[in-house]
Amino acid sequence: ELAGYTGAYLFITCFYVLPLILNVSIKSRMARSRPTSQPAWKTLAASVRYSLHNRVILGVLVTTMLMNFVAFSSIQLFPVVARDHLHVGEGFTGLLMSSIGIGTLIGSLLITALGTARSQGRLFFIGASVQLLGLLIFAISPWYLLSFFMLIISGLGLSGYAIMQATILLTSAAPEQRGMAIGLMDLCVGVAPFGLLQVGAVAT
């Protein structure tokens with residue numbers, strides 16, 4: 001509200017610098033693996049075959065594609081919903097956009113405090129379901145406070161989904177397949193542009 005969108009983006013950029021510095025300072029305790037000599041497509045094919053035979057990994061990858069197609073692409077429409085449907089200005093729009101982050105922070109702290117080593121899959125599934133349910137109610141809510149609360153609930157679900165996404169892959173894959181599993185997860189995230197095309201059609 002005070003600095004406009006330019007100020008907001010500059011503020012965000014500053015906060016990206018800190019994790020960049022922290023990531024660069026990380027030192028691995030593992031020995032460097034020798035680069036593979038086989039073509040990239042063979043490596044990809046091998047990782048896909050491995051994932052298809054591992055039901056846990058396959059479930060996480062399919063859920064990742066669905067969530068990126070349906071859930072995360074819809075965030076682009078939040079400012080329009082705030083302005084045209086909830087009839088609020090820049091300040092309340094900013095608060096509304098922050099609500100998912102607030103819910104995610106609360107959820108992450110709860111997961112850390114409670115510990116979830118034995119219920120990773122359940123938390124992953126429940127988290128994804130809660131996030132989608134929160135977004136659904138947000139989409140039909142005519143009131144700002146209800147919309148704000150529903151996005152906090154959605155953020156709570158997102159924390160369970162996002163934290164367990166990579167955790168399940170890393171603990172379910174064989175050590176030599178962990179890199180491939182994470183790479184496939186990032187590949188599944190790549191369906192998001194198709195979801196954005198859908199959002200563009202809705203916006204039109």
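This is a predicted model: local features need pLDDT of at least 70, side-chain atom pairs count only at pLDDT 80 or more; totals for chains, interfaces and linings use all residues.
Rings of Phe, Tyr and Trp (its six-membered ring) count as a pair if their centres lie within 6.5 Å. Residues are numbered from 1 along each chain as its sequence is written, and side-chain values use heavy atoms, with hydrogens and water left out.

**The overall picture**

- The protein has nine helices and zero strands; here helices (H or I, at least four residues) and strands (E, at least two) are DSSP runs, numbered from the N terminus.
- Along the sequence, this gives the pattern α-α-α-α-α-α-α-α-α.
- Taken along the principal axes, the C-alpha atoms of the protein fill a box of roughly 55 × 40 × 35 Å.
- Of the 204 residues in the protein, 29% are buried; buried means under 20% relative accessible area, exposed over 50%, and partly exposed in between (1.4 Å probe, protein chains only).
- Contact means heavy atoms within 4.5 Å, and among contacts in the protein between residues at least 6 apart in sequence, 78% join residues at least 24 apart.

- A pair of aromatic rings is described by the distance of the centres and the angle of the planes; planes under 30 degrees apart count as stacked, over 60 as edge-to-face and the rest as tilted.
- A search of the whole structure finds six aromatic pairs.
- One of them joins Phe-72 and Tyr-161, with ring centres 6.0 Å apart and planes at 40 degrees, so this pair is tilted.
- Phe-72 sits in the loop between α3 (55-70) and α4, and Tyr-161 in helix α7 (residues 144-172), so the pair ties together parts that are 89 residues apart in sequence.
- Phe-72 is partly exposed at 21% relative accessibility, whereas Tyr-161 is buried, with a relative accessible area of 1%.
- Tyr-161 also pairs with Phe-124, and that pair is stacked, at 5.2 Å centre to centre and 25 degrees between the planes.
- Because Phe-124 lies in helix α6 (residues 120-140) and Tyr-161 in helix α7, this second pair ties together parts that are 37 residues apart in sequence.
- Phe-124 is buried too, with a relative accessible area of 6%.

**Where α5 meets α7**

- The axes of α5 and α7 come within 7 Å and cross at roughly 40 degrees; axes are lines fitted to C-alpha atoms, for helices over the stretch in contact, and angles run from 0 to 180 degrees between N-to-C directions.
- The two helices are therefore oblique to each other (angles under 35 degrees count as roughly parallel, over 145 as roughly antiparallel, 65 to 115 as roughly perpendicular and the rest as oblique).
- α5 passes α7 in a right-handed crossing; a crossing is right-handed if the near helix is turned clockwise from the far one by less than a right angle, and left-handed if anticlockwise.
- Among the residues making the contact are Phe-92, Leu-95 and Ile-111 of α5, and Tyr-144, Phe-148 and Met-164 of α7.
- By class, the contact of α5 with α7 has 15 nonpolar, nine polar and no charged residues; Ala, Val, Leu, Ile, Met, Phe, Trp, Tyr, Cys and Pro count as nonpolar, Asp, Glu, Lys and Arg as charged, and the others, Gly among them, as polar.

**Where α4 meets α5**

- Helix α4 (residues 78-85) and helix α5 (residues 90-114) have axes that come within 9 Å and cross at roughly 140 degrees.
- α4 and α5 are therefore oblique to each other, and their crossing is right-handed.
- Phe-78, Pro-79 and Ala-82 in α4 meet Thr-93, Leu-96, Met-97 and Ile-100 in α5.
- The residues of this contact divide into six nonpolar, one polar and no charged.

**Residues in the loops**

- Ser-73 belongs to the loop between α3 and α4 and is buried, with a relative accessible area of 3%.
- Beyond its neighbours within four places in sequence, Ser-73 is in contact with Asn-68, Ala-192, Gly-195, Leu-196 and Val-199.
- His-87, in the loop between α4 and α5, is exposed, with a relative accessible area of 63%.
- Phi of His-87 is near 60 degrees, a positive value in a residue other than glycine.
- His-53 is found in the loop between α2 (40-52) and α3 and counts as exposed at 71% relative accessibility.
- From C-alpha to C-alpha, His-53 and Cys-14 are 43 Å apart in space, and they are 39 residues apart in sequence.
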